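Here are a few exercises to work through with the model open beside you. Try each task before reading its solution.

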Amino acid sequence: MRQYVLKRLLLMIPTLFGVALLVFFLLRVAPGDIVELKYAGSGTFAPKEALDRERKQLGLDKPLAYQFVSWIAGIARFDFGDSMWTGRPIIEEIKIRLELSLQLAVMATVVAMLLAVPLGTLAALKQDTWVDYAVRIFSIAGLAMPSFWLGIVIILGFLIVFKWMPPLTFTSFWTDPRANLAQLIWPALAVGYRYSAMATRMTRSAVLEVLREDYVRTARAKGLWERAVVLKHALSNALLPIVTVIGLEFAFLIGGLVVTEQVFNLNGIGMLFVESITHRDYTMTQALVLLVSFAFIFMNFMVDLLYAWLDPRIHYQ
Amino acid sequence: MVISIKAIMSRGFILSLLAIGAPAVLPAAEAPRPGGELVFAVGEIPPSFDGHRETTFGMLHPIAPHYSTLLRFDPQNYPKIVGDVAETWSFSRDGLTLTVKIRKGIKFHDGTPLTAHDVKATYDKIIFPPEGVASARKALYSMVDKVEAPDDLTVVFKLKHIAASFLANLASPWNFIYSAERLKKDPRWYEKNVMGSGPFIFVEHVAGSHWVGKKNPAYFMPGRPYLDGFRAIFIRDTAPRVAAVRSGQAVVEFRGFNPAARDDIVKTLGNKAVVQESPWACNILVTLNNEKKPFSDARVRRALTLAIDRNEASKALAQISVMKYIGGVFRPGSEFATPPAELIKLPGFGKDINAARNEAKRLLKEAGVPEGFSFVLKNRNVKEPYEVSGVYLVDQWRKIGLNVTHTPLEGGPYFNDLRQGNFDAGVDFDCEFMDEPDLYLLKYLSSEASPVNYARYKDATLDELYERQSRMLDVKDRLPLIRQMERRAIGEQAYQFPLLWWQRIVPHSSRLKGWKIGPSHYVNQDLRDVWLAP
Amino acid sequence: MPARIRPWLASALDFISSRPLGGAGAIIIVLMIAAALLANFLAPYDPLANNYGAMFEAPGVHHWLGTDSFGRDVLSRILYGSRTALWVGFCSSLFGTSIGALIGVSCAYFGGKADLFMQRLMDILLSFPLIVLALVVVAVSGSGLWNVILAITIPMIPRAALVVRSSALALRQMLFVEAALTLGSSHWRVISRHMLPNVMAPYLIMLTAFLGQAILLEASLSFLGLGVAEPTAAWGLMLRGAAVEFAERAPWMALFPGLAISLAVFAFNVFGDSLRDALDPKLRLP
């Protein structure tokens, strides 16, 4: 077991390095440069020399290999450098937005779980009845609806019916829970609903499988109360695949945040990412992609670990 | 002008009539009440905090309240120039020396006094930036020889030649007065720090989220500012920005919304909404790559501008976007605007679109452009008004048998392609802080002489006319030269031509008082006169 | 009825009756394809024709689904939009799944260093969330129809490779592969004749599942302004900007494209689900 863990942890390093390499060079290939964009507002009378001077300051005139190596060397020291757009340290910029996105991801996962487990179990118990179909349609609808559409519908709904809008700025949960939740509950619901689809399906098939097992039939034959049978045996054994899916979905959430934050105007990592790409802020985009990829890989790893731990029947190489 | 009954009946329309018709938006009877925090929405975030290097309103709106400028525009009488830090000023007889007297007793927020030396240091930074310091509008000050501060209260500007636009540039909203001491220690200090002499003191900035300022008790104008403070909330996307004003979370958004947003806000806020409208000192123009065939042929270029029905565009697009007014090189309604009789004579601005289109088709045929000829129109990927313009242009050119592909690009690639000449036709824009010909005409100078001309042509006549008009102080003398330039640039040669000028619509809560809309969204945003009704 | 079609028809009908949801999905898909193919005949107006006299018309006799901010007929744009959606979805799904499947099978087949290297590469691509990778690709290659297809294809490849590789791994061990090799078949022959046909089930399932995701991803990219360009008729594009701003005055502008996207993705999802139930219930898709 320990060997497996170590091996997986070590494997993360070349993968992350590959990510760093890929994103670094992809960005440099992308047309458009940050200095042009900075001077693109009104009254753009900046001559070429001024632009070149700016590029020099940002280190963009040095050979690519040099830029890459100095960036990687910085990462190894946990120094992510400064944002090319604002000049402020990247860690600072990310820190401001991280709490919101993390909280949103956690809340969305909770929402997804709260929807998926009861609905999936219900659908499994009432397999092939109209309840089953209703649940399946409801959950797949969440997957099918464009999340930005749903978000817009929610915001407009509040505006038209209640003349109200969720708070615009983020307050930490620990400072003011009411304001915090008033802002984040709606995007959490929109995102959570979307991600409950996979989990519902998983719960349903996992519970179905377990219900067919012998020991469940035995328990039923013994006359145990139906609910106890379901809750105790079926769910606890279906836990494994459910946890797997939820873990995987958590990683997917990070991608889903990009569009949601735009629609609900949340100052989070997703918004920062879109901005940094639009601005061609190389250092910021690189840092964010690394961060997100790391989170992704790490979540997958944790899920696999949990999987292996919960089910000793699994063989791993 | 065809207006539907529905539009007339809409409150928004009526309110906007009132706003434009009124000589002054504020009923003089209301007395300003001190107190309150103004919450407003801003659609872009500031990259750095230095007004001399930035070019976006996203920097000006939250940061201008912290600073003073040497001169400013009178908010009630735009474009009249009045003093801010300056008390009086006068030109020498030959017009080559400007002497400015500074007010006594102005203090920076850290308590140090503001003197002529600070003004000199500021303008040295803008006009003669040291190595490594960026100054976005340096080229506008090419007429300045040097800046001197003979004593604590006097600044002297020595010019190389007479320039009509010089004084206006001293009123530029971007020219924040900085502390000479800070600049000496670190000329880039102001990129990440805020310390000015304006009506508000910096409190807090959370990147991407909000900016907070509080009242400066030692502000040099007695009794101002009225507000206790302000809070700017950054909202990038249009829909939540409009929603913020509709829901009352933000009192106002200072740049401008499109007609749909205005109507929604009026519908929700009812009689608690006020709409201020003004022609905007911004336009959309079509730029053509004059180095590329067939755009190197003036007949083809003229055909392209002839095909556009600006009258229809003005009516239709004004309902869905900020595009509205038909004008030439200058903002309709400004003192340099093209007189209507002359405007109609320019190709593409006439009343008979069918005749114009027939002429266009004839010109294309003469120039040897085949039916169904296709080219690419590059654009920014901003929905409104860029993509809206793009869609309209493609449709218009279809009507003369041209097959145009509309390609919206992200900002980076867009500016790249335009600068490198990697395009056929492009949608361009021009937004200035005042209706000064030197600013707007800069677009039409030969490409080598002008950093903002993407159309890639050389025209000595235009260059010469530009120089001449910029050295004349009297508007009467400048006008004929300007008209000549206009006729040549967008008429005969049609190197690049304006599509429409914009309308600035600012719907806001009736609580906002003391703010009057002007043609430029860059000007008068220091909030010193603003107050909140209960 | 020709003899060859009858069994297909029979199994299709059987599929629909035993799995009503999947069947419904299949029917919707067929309708979509019909709309895309026959748009020229079905659409009452030219989807690109601006009509400034008829802006924001409510659904009615002249325009069944109303008009948008340029006076363009919404119904025609939806019909032509299905063409864009299906084209983008189909191309990116086909290329992504096929290239991924080839990579997956080759990795499983050849094993060794090549396999390890490919796995690392796929891992790297997989560690980007879908939209993040798509955004980066769009930044590099620009927007527009083919670039969007590229941007969506690339994230699909590693996902397909992963699934196919695990299916193919099992096959590699099987005796018939050893037998074929001993009999002198070339690598390519073994792969194409013995392995590829046996990964058909996961391949088809992924093709349909990814199609739905591709349509959604295109809509998101267009919404962000990075997808296909105006004035092309595309569902995601129809939801951008004007639809939201005029949502109260003209809700049909946002309603119908949103419904179209949801219905299409829904259909592909349930159809893919039922396909999986029928062909390979144990399959787990990333």
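A residue is buried if 20 or more other C-beta atoms, placed from the backbone, lie within 10 Å of its own, exposed if 12 or fewer do, and partly exposed in between. The model is predicted: local features need pLDDT of at least 70, side-chain atom pairs count only at pLDDT 80 or more, and totals for chains, interfaces and linings use all residues. Residues are numbered from 1 along each chain as its sequence is written, and chains are lettered from A and ligands numbered from 1 in the order in which they are written.

**Exercise 1.** Work out how many residues of helix 3 of chain C are buried.

*Solution.* Start with the boundaries: helix 3 of chain C covers residues 74-110 (helices are DSSP runs of H or I, at least four residues, numbered from the N terminus). Next, count: 28 of its 37 residues are buried, so helix 3 of chain C is mostly covered. Finally, look just past the helix, where C:Gly111 takes a positive phi of about 60°.

**Exercise 2.** Find where confidence in chain C is lowest and where it is highest.

*Solution.* Begin with the chain: the average pLDDT (the predictor's confidence in each residue, from 0 to 100) is 82 in chain C, and 93% of the residues score at least 70. Then go by element: helix 7 (residues 175-182) of chain C is lowest, at a mean of 69, and helix 3 of chain C is highest, at 89.

**Exercise 3.** Describe the contact of chains A and B.

*Solution.* First, each chain's share: 42 residues come from chain A and 42 residues from chain B (C-beta atoms, placed from the backbone, within 7 Å). Then, on the side of chain A that touches chain B, helix 3 of chain A gives the most, with four residues.

Definitions and conventions:
Contact = placed C-beta atoms within 7 Å. Helix = DSSP H or I, 4+ residues; strand = E, 2+ residues; numbered from the N terminus. Expected span 1.5 Å × (residues − 1).
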